[in-house]
Structure formats: C-alpha cells, structure tokens
Amino acid sequence: MISVSQLRRGTTFTFRSQIHQVLQYEHIKMGRGGAVIRLQLRNLETGAVFARTFKNNESVEESMLTRRLVQFLYREHEMFHFMDEATFEQLSVSQDRLGPQSDFLTDGGQVTLLVKSAATDQVVALDLPMKVTLKVIETAPEVKGSTVSRVTKPARLEGGVIVQVPGFITIGDRLRINTETRSYVERV
C-alpha cells in the first residue's frame, strides 16, 4: 500500500482493481477540515481520463509495472513495433493500447513502455517524456507580420501529430512540443 500523499505525476497504482496513472497532482489544505489530494488520473486499461479526490490519510495499492526502455522501429497498419534495447527482443503493440500518444513516435526514437508482467510482455501504456522535439513536415507558408502579432496556424509534425504553431514556423523547423497538452513550446 502507498499513501496518496506520496503519489506524484507519472506514478502508477491500482485502484478498483485497475491500473491508473497520475496525470496531475494537487494538494489542497482545507480551512477547517483535513487536507485532500485531488488527482487527474488515466485508467491505463481503458484509456479513460477522470478526476478523483482522496483524503490525505487514504492509501492505494501499489501497482507492479515494469519499465522497459525500447526503440520504436516502425508502424504497420494498426500495430507499432519496438525493440528492447537490452535484449534486442521485438515487441508489437496495438494502436488502441497506445492511444493518442502514439502520434509522438518517430522512427528510431527511444521511449519507455509500461509492462504489466515481464513474463507475458503485456504492455499497458507508453510513458513519454513531458516534452519532445519533432520536425515540421507540413504547414502553410509563413504569415507576414506573424512575429508582431499572435497569428497561429496548424502544422503536421513527424509522427503525425497536428499542433497550432506561430505563423513564422516553416517546413523543416524543429519544435519542442508538450506531450500532455499537445501544444507548441518553442522552436529549437
């Protein structure tokens, strides 16, 4: 068991017999009552995202997930293929298991897979870093005056993700993108 006050962003735990991952953590001190912990959670088995509030003294069951550092090799229809960098073993994971985070995968990129059981290699989720750097592969031409005003335009990045970017961004630029909010951070 683990106290909810020890949970942080990225931590996984078992709640109602399903594995959840903490997306946001907020400790709230009440005026007259005890403190509460407000969490934004992702159910790793269904992909559902929801908010839940716990009392400060509650505990949850710690989940036993293994983190495997892998290299993304290629996508074939709805299957994504990875190679474990330690054992050179190949893993295949379906699109519905990875969810929308699969848009950030680039050929040869390193990512971490959360595996439920090392014996069966049952992949539960993809653990991406908070920010990734991706190359712009398609966008409208530069917008005149965009450095003065806050003009934005859509841009398709490698991996397939589409984000709103400032008007001065052109094809070939490398951008840092927040993987949680799917938003532009800066040009690299």
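1. Start with Asn43. Leaving aside neighbours within four places in sequence, Asn43 is in contact (heavy atoms within 4.5 Å) with Gln18, Ile19, His20 and Ala48. The side chains of Asn43 and Gln18 are also joined by a polar contact of 2.5 Å; that term means a pair of N or O atoms within 3.5 Å, where within protein one must be able to donate a hydrogen and the other to accept it, and residues adjacent in sequence count only if both atoms are side-chain atoms. Asn43 counts as buried because its relative accessibility is 5% (buried is under 20% relative accessible area, exposed over 50%, partly exposed in between, with a 1.4 Å probe and protein chains only).

2. A word on the model: it is predicted, so local features need pLDDT of at least 70 and side-chain atom pairs count only at pLDDT 80 or more, while totals for chains, interfaces and linings use all residues. Residues are numbered from 1 along each chain as its sequence is written, and side-chain values use heavy atoms, with hydrogens and water left out.

3. Now the sheet. Strands pair if DSSP finds at least two bridges between them; E7 (residues 66-76) and E10 (residues 110-115) have 6. Across that pairing, Arg68 stands opposite Leu113 in E10.

4. Which residues touch the most other members of the largest nonpolar core? They are Phe82, Leu98, Leu105, Leu113 and Leu157, out of 26 residues. Such a core is a set of buried Ala, Val, Leu, Ile, Met, Phe, Trp, Tyr and Cys residues joined through side-chain atoms within 4.5 Å. A second, separate core of 11 residues includes Ile2, Leu39, Leu41 and Val60.

5. Finally, look for the 9 salt bridges (a side-chain nitrogen of Lys or Arg within 4 Å of a carboxyl oxygen of Asp or Glu). In one of them, Arg182 pairs with Asp103, the closest N and O atoms being 2.6 Å apart. Those two residues sit in loops, 79 residues apart. Arg187 bridges to Asp173 at 3.5 Å; Arg187 is in E16 and Asp173 in the loop between E14 and E15, so the pair ties together parts 14 residues apart in sequence.

Notes:
Helix = DSSP H or I, 4+ residues; strand = E, 2+ residues; numbered from the N terminus.
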